[in-house]
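Reader: I have a model open and want to learn how to read it. Can we take one feature at a time?

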Amino acid sequence: MEDFYRELIIERYKTPHYRGVLDPNDFSYEDDNPACGDHIQIDVRLDETGVVTEAVFSGEGCAISQASADLLVESIIGKHIDEIKALGKEDVLDNLGIELGPVRLKCALLPLKVLKAGIYGLGDQEAED
Amino acid sequence: MAPTANTGFNIQQIREDFPLLSREVRPGVPLTYLDSAATSQKPMVVIDAMNRYYQDMNANIHRGIHKLAEEATYAYEGARQRIADFIHAPSPEELIFTRNTTESINLVANSWGRTFLKPGDVILLTEMEHHSNLVPWQILANHLSLRLEFIPVTPQGLLDQDAFLTLLDQEPKLLALTHMSNVLGTINPLEDMLAKAKSAGAMTLVDGAQAVPHFPVDISTLKADFYAFSAHKMVGPTGIGILYGRRELLEEMPPFLGGGEMIKRVELRSFKTNDLPHKFEAGTPAIAEAVGFGAAVDYLSQIGMAEVEKQERILAGYALESLSGIPNLHVLGPGIEERGGVVSFYIDGIHAHDVAQILDSEGIAVRAGHHCAQPLHTKFNLPATSRASLYLYNTPEEIDRLVEGIHKTKSIFA
C-alpha cells in the first residue's frame, strides 16, 4: 500500500505538471470511468510530421487516474503518434511504478484509453480528408 | 467515547454466527466490514439451509409428484409464507419471487406500466433514487412518451415535502420512491407520503432494498401498492428478491416473462395464465436461494427487527459523531433522527477511491463511487463519495478503526 501511494503519485496528484486545456488543438478527447466518476480530457498539438509538440490533461478523479494522466502526457511530448499508438498497459504501470488490481487498473488506464481514442479519432478525420 | 451498549443484544454471539467476519483480509489484518448496504454477510444458518436443500431434497418444484419434489415445493412455498409474515403482507400469494429489487421494479414497469400508462402520463420519482428505481422508468417513459417528474432533495438530504405536494397537482399515475436512501441514509416519511399520493389518485411503488433489512416494515400499515426488496442485503443469498403487489393489481396485470410454471394451459397459439403468484414466476426459480431467504428471515425474526433497528441506531449515532469531528470531512444526509446506518462522506482534496484504497490496506471495507445514484451526486456536485454502511454485526470498535484509517489517509495526502 505504501507503494501504492508513493511520493511521485501523491506529488503529481496534488501539483500536476501538465494540467490545462489547449484551444485550438489538433485533437481533444474525453471519457469517464463510470464505476467511479473519474473524468479525463487530453488535448494535443502536433507538428506537420505527427510529432506531439504540446499536450495537457484536465478532469477530476482519484490520485491514480490523475497522476497517471499527468505522467502519460509528459511521456508523449516529442513522440510521434505512431509511437503513441504502440503504448500499452505496461507503459502506464511503468510510469506509475506500481502494480494494480483489476478495479484500480481502470483508473490508471483511463488516460491511455482517452489518448488512443483521440488519436484514432484523428485517423478517421484524416481518412475522411 | 464508545456508545452505551444495547443490553440484551449479544453482539459477540451474533458475530460468531457469521463465519466470514472472523477472516483476515491479509495475514494479520482483521476484516472490518462496513459495506452491508451493498450486500450483507451471511450467517451459517443460511448457508446450512441452502446446503441442506441441495443435499437432502433437491428437485424441481410444483410439477413433480415424487417425494423430493413435494419436499422441495414445501420448502420453497414455506419460505414465501415466512417472508410474507416478516413484512406483514396479507397473503403469500401477493409475494412474487424475483431475482432482486431491480427485477421487481422492472416487472412493475413492464407489466403494469406498459398496460395501464398512456402517452403524457406523469410518473413521480425522487432525486435520491438508486438507478434501479430510475432507469426502468426512463426506458418506459421513452417507449410510451411518459413524463418523469422528481421530488427534489433538500441540502439536508430530505425530500422536499412542499415540492411534493405541488407535484401531486400534476396528477401523477405513479409515485415510485425509496424507503431509505442508499447514499444519504435518509428514511423517508412513507406512511404520510403514500397516503397523500393515494389521495391524489397515484399508485405507489416503494424500493425497500435498504429498509426491510434494517427495521420493521409493515406492508399492512404502509399500504404501498408495490414494495420491492432483495434477500442478499438482509443476510440472505444473492439472486433472489421479492415483489409484493396488491392482489387486485397483480390479478389485472399481464405476465412479465413467459414460459413454464406461469401458465395454466397452453395451446399452439394461446395460453391461459396460472394463478398468483405463479403467474409471475416463469421457469425454474432460484429454489435453494428461496430456502436461504426463508432461513434469513427466521434468523432476523429470532433476534427481532426492533432490536436490529435499536442496535444500528446506536452505532449510526456513534459513527456520525465520530466522523463529524474529523476536520475537512463532510458527512452527507440528515441527522440521526431521520436516517439509518448508511454514512456517506467525502474529504476535501482526497478522492473517494483513494480513501477506500487506503482503508482497504487496514482491512476496512467501504464502498467508493456514486453508489448507483449518479444524479444525486451530480446534484450535490460530488464526483464520488465513500460510504460506510452498518448492520447488526458491526461494533463501535469497528467505527474507531474506520476513524483511525481516515486519519491515516489524511496523513498520506497531507
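Reader: Start with contacts. Which residues does B:Glu362 touch, not counting residues up to four places away in sequence?

Author: Two residues are in contact if their C-beta atoms, placed from the backbone, lie within 7 Å. In this predicted model, B:Glu362 touches B:Val29, B:Arg401, B:Gly405 and B:Lys408, with residues up to four places away in sequence left out. The C-alpha atoms of B:Glu362 and B:Val25 are separated by 8.7 Å, though they are 337 residues apart along the chain.

Reader: How should I take the numbering and the confidence?

Author: Residues are numbered from 1 along each chain as its sequence is written, while chains are lettered from A and ligands numbered from 1 in the order in which they are written. This is a predicted model, where local features need pLDDT of at least 70 and side-chain atom pairs count only at pLDDT 80 or more, whereas totals for chains, interfaces and linings use all residues.

Reader: Where is the place of B:Glu362?

Author: Helices (H or I, at least four residues) and strands (E, at least two) are DSSP runs, numbered from the N terminus. B:Glu362 sits in the loop between H12 and strand E15 (364-365) of chain B.

Reader: Why does B:Glu362 count as partly exposed?

Author: A residue is buried if 20 or more other C-beta atoms lie within 10 Å of its own, exposed if 12 or fewer, and partly exposed in between; these C-beta atoms are placed from the backbone. B:Glu362 counts as partly exposed because it has 18 C-beta neighbours inside 10 Å.

Reader: Now domains. How is chain B divided?

Author: Domain bounds come from an automatic or database domain assignment. Chain B has domain 1 (11-42 + 304-412) and domain 2 (47-302). Their centres, taken over C-alpha atoms, are 27 Å apart. The contact takes 26 residues from domain 1 of chain B and 29 residues from domain 2 of chain B. On the domain 1 side, H11(B) gives the largest share, 5 residues.

Reader: What does H11(B) look like, end to end?

Author: The expected span of a helix is 1.5 Å times one less than its number of residues. H11(B) has 20 residues and reaches 28 Å from its first C-alpha to its last, close to the 28 Å expected. Its buried residues include B:Met305, B:Val308 and B:Leu315. The buried residues of H11(B) pack against H10, strand E13 (329-331), E14, strand E17 (385-389) and helix H14 (396-412) of chain B.

Reader: And the core? Which residues touch the most other members?

Author: A nonpolar core is a set of buried Ala, Val, Leu, Ile, Met, Phe, Trp, Tyr and Cys residues joined through C-beta atoms within 7 Å. The largest one has 159 residues, and B:Val291 and B:Ala296 touch the most other members. Helix H10 (residues 287-303) of chain B gives the most to this core, with 10 residues. At least three residues come from each of domain 1 and domain 2 of chain B. Leaving aside neighbours within four places in sequence, B:Ala296 is in contact with B:Val46, B:Ala231, B:Met234, B:Val235 and B:Gly236.

Reader: Last, chain A. How many helices and strands are there?

Author: Chain A has 5 helices and 3 strands. Along the sequence they follow the pattern α-β-β-β-α-α-α-α.
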